[in-house]
There are 2 protein chains.
Amino acid sequence: MQRAARTIDPNSDAAIAASVTPRPIAEIAGSLGIADADLYRYGPFKGKVALALAQKAEADPRGKLILVTAINPTPAGEGKTTTTIGLGDALARAGKKTAIALREPSLGPVFGAKGGATGGGRAQVIPMDEINLHFTGDFHAITAAHNLLAAAIDNHVYWGNALDIDVRRVSWRRVVDLNDRALRKVTVGLGGPGNGFPREDGFDITVASEVMAIFCLARSLVDLEERLGRIVVAQTFARTPITAADLKVTGAMTALLRDAFQPNLVQTLEGTPVLIHGGPFANIAHGCNSVIATRAALGLADYVVTEAGFGADLGAEKFLDIKCRQANLRPSAVVVVATVRALKMHGGVAQKDLGMENIAAVSAGAANLRRHLENMATFGLPAVVAINRFTSDTPAEIAAVEEACRAVGARVHLCSHWAQGGAGAAELAETVIELAGQPSGYRPLYADELSLAEKIETVARRIYRAGSVVFDPAALARLAEFEARGYGGLPVCMAKTPYSFTADPTLRGAPEGFILPVREVRLSAGAGFVVALCGDVMTMPGLPRTPAAENIHVDEAGAIWGLF
Amino acid sequence: MQRAARTIDPNSDAAIAASVTPRPIAEIAGSLGIADADLYRYGPFKGKVALALAQKAEADPRGKLILVTAINPTPAGEGKTTTTIGLGDALARAGKKTAIALREPSLGPVFGAKGGATGGGRAQVIPMDEINLHFTGDFHAITAAHNLLAAAIDNHVYWGNALDIDVRRVSWRRVVDLNDRALRKVTVGLGGPGNGFPREDGFDITVASEVMAIFCLARSLVDLEERLGRIVVAQTFARTPITAADLKVTGAMTALLRDAFQPNLVQTLEGTPVLIHGGPFANIAHGCNSVIATRAALGLADYVVTEAGFGADLGAEKFLDIKCRQANLRPSAVVVVATVRALKMHGGVAQKDLGMENIAAVSAGAANLRRHLENMATFGLPAVVAINRFTSDTPAEIAAVEEACRAVGARVHLCSHWAQGGAGAAELAETVIELAGQPSGYRPLYADELSLAEKIETVARRIYRAGSVVFDPAALARLAEFEARGYGGLPVCMAKTPYSFTADPTLRGAPEGFILPVREVRLSAGAGFVVALCGDVMTMPGLPRTPAAENIHVDEAGAIWGLF
């Protein structure tokens, strides 16, 4: 009876994806020069690139790296992933040997409000049902590795606590790859002596795990295990840090992650190869796919298109200051995605009024876009704007965006990859090829030698345009402690609302001169960065009133519907 | 530095497994008549049998089904899995088209004390590292499906609780596929209104999930979803049962389980095909691999060797009364595994004294073995004893077991498959072929029409040889309630210590006339049985003082060691 009530939208992403028969994955691998023996298959349409080949490829990352980023997100939507896919397809159509590098979807959003993370319309990665559900099991492996370490902590305390761990100071929480607000704050170890020592604990979503961040920054299995060993999980009663290495489970954690560490290979609707691998949070972590996937792609293809989480103030900055710095990457060009609708919201229009033409709001909102373009120049990178077209956009509104871009000397293209696939991003691809033809002028924003506080201030002032940064006194003390312990050379990972250049999510557009509060700092010693929290950060989302899960089902033929 | 301290035992199961190059999985599939198009590969040596083919095969389960079970387990070890593998290899060597059907390993024991679950010595399933870690992700899928339902319950309450769920009466716990005693009893929903309503909760290990039991008893995806929908997760304030169907996530749960539901195909060291699929607990659930795998194997092979959890009093009884009844299976013969060492323990010898010859103790302990042989006759099945040889066994001790078996007319064979592979179980295979040549006399122990209490009493008196059964009054009231709600026709699933015929784990041998206490009963409406708990049952193990995880590591070449 439940089944009968379910309907399938023929224009849904799932229906479009189902209408295309994927090419055998060996054929996709072959287009990148990957032999059958180097392809670890997961069914006919998914595979992993053997680690040995990935490491051979990543040792010579000669391709050109194109970053797709965006204006500050709004509820109107931007389409960063579809643009990444559309641009990749367009480059392939232009005859370039192209690969796309993306993050893996998390089950949390799939069952929550957001749905899948494999693009949309004619700009999708397939098989979208498999990728959006378990894919090749990487996130489950990360979940298991994370929780094994958590179990080892409580087990160590239970069996006598030789390391003298203070159970009030265990910072390593547990994870689950679902949205489950009831697990945000829990007490564990209840029920008597046989169950251990009661203590406060909580669960984050798997993408917020430091294991995820480490997985995405490690260059080899040896590097992976060493980084895992550096994770600080607790303090002793004497306030000495306890690491994962102290608990002797980093070998088992690495064993759990061994197969997952091989980059996943799939394809777009148009058959362009896509490496989808890892997916750290973009707030407390750096928000982009694995280094091993990006570098391997650069060794296998001439053009690699990748994306970073959130808007360019967070995602691109971290991509450039954390990932590119650690992984020795030099991107060639940046695409900044904007939509007319989102710019209208940055110009002050309410979501309910987006249907009405409003040229003045578009022009005003374009200040947000221009600020991001200026910031990309600060990193020494050429940028081009992609207007991701919606059918409701009017010619005059589009002209207003184009004018705002040209006023600051920026190239801009109207793109229709959602409706047309790669053909809808042909001009964008031409410009990207032209920009990437120049030697990369990439330079990170700050030097390793600056103090941690100075690094935070540099990002706040030069990228966000804050007038001043106010540190919580405890945060400043912690930064001094990190520096005393030898972590002063790490880059900083800003955790801030993505909706504004400021720490206030309601301040759209391009505010400046504001105060940026730094409330708390955390060390991710394994990942290799110091997190600066500027406001509340949610590391375990909740499900909405009507979760997307309620629409997902399997039909009699075994097809899955409801993943948008 | 940590790495240097690790040593590898060349006689370990892992080293033996690594010394054999597996045959390509397509070749193994081909030996069962499975075409390439019906094989969903997970790398070169693992695959899943396409559901359509599995269902075609299971519709005509013409092969002969051989059950491997054992005496009551002792710390001395029995070797049920190695015997299952060795017998399968021996049948294949005898020219029979053979398949083996086993349970999947859980990560809990792998990282805890027990180690892997893929056999040992020359009787192993490979690739043992991959099978013992994530395998094809089935348990992760079951974990995710289980926890999605849990999140949906708390989310429903959070958003207004239209179903009027009493948070004090939520019986659906959460699961994790690890040993983690700190999670046995927890409180969730703490931290304020934004995180929901605080309530008591707890985590079981994934194998204890009713989703696991359902997965292993469902015949199709439609059956799977219907069974999931029948799971009772909570009660309202008016004490009305709330089911998973009420929470509208059974479609999403089925989507999570779709790929997992296809049976996994691997091979023994000798290249015999093995279907490894599902793995429910043998206490609160029925403890054997999936129905779809067993029935598909029977459609693909002439002989199928499978095993059931624990000793024959629990594992075989549930296999015969729950699985065979629900799945319409008629086994042909039973192998009861015993070791000299274990029989000595049943005869009163302490573990530390097992090294000394003790013929009298062997003879006394054989009473346990004879009881199980009698019980198999009660089910109308011919049984043969396999003595799983240990190097410490003396000729006189072995003769004592043989004599005890012959005294009750039972066939018995000394087996050395651990040391010799299939060649070590050749005589056992001959006898099995002979016994299975007769039409199956299988009959379940009790009729569906008996009351639930009568079913429990029948198992207790006829299989365990209890003198009487004492029900907790609340348990009796619950049984009456289940019957009033229409569940009276279900079989019962006994949850009792595996170490004794009684509810007291210290009473070895063959006690009789004792009192069996039934302390609690639970309804598994989706799985389709009523659980009777005779004593404490642990559904979340803890890690030992020195977990096996501490020995597991990945070497420079990417090989995993330490999985025994």
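Rings of Phe, Tyr and Trp (its six-membered ring) pair if their centres lie within 6.5 Å; planes under 30 degrees apart count as stacked, over 60 as edge-to-face and the rest as tilted. Over all chains, this predicted model holds 8 aromatic pairs. Local features need pLDDT of at least 70 and side-chain atom pairs count only at pLDDT 80 or more, while totals for chains, interfaces and linings use all residues; side-chain values use heavy atoms, without hydrogens and water. Residues are numbered from 1 along each chain as its sequence is written, and chains are lettered from A in the order in which they are written.

**Aromatic pairs**
- A:Phe203 and B:Phe203 are stacked, because their ring centres are 5.4 Å apart and their planes are at 5°.
- Both A:Phe203 and B:Phe203 are buried (under 20% relative accessible area, 1.4 Å probe, protein chains only).
- B:Tyr40 and B:Tyr42 make a tilted pair, with 5.4 Å centre to centre and 45° between the planes.
- B:Tyr40 is buried at 10% relative accessibility, and B:Tyr42 is buried at 7%.
- A:Tyr40, A:Tyr42, B:Tyr40 and B:Tyr42 are linked by ring pairs into a cluster.

**Charges over rings**
- The charged end of A:Arg181 sits over the ring of B:Tyr158, 3.7 Å from its centre (CZ of Arg or NZ of Lys within 6 Å of the ring centre and within 35 degrees of the ring normal).
- B:Lys496 lies over the face of B:Tyr464, 4.7 Å from the ring centre.

**A:Thr268**
- A:Thr268 is buried, with a relative accessible area of 0%.
- Residues touched by A:Thr268 include A:Ile85, A:Ile100 and A:Val274 (heavy atoms within 4.5 Å).

Technical notes. Buried means under 20% relative accessible area, exposed over 50%, partly exposed in between (1.4 Å probe, protein chains only). Lists of a residue's contacts leave out its neighbours within four places in sequence.
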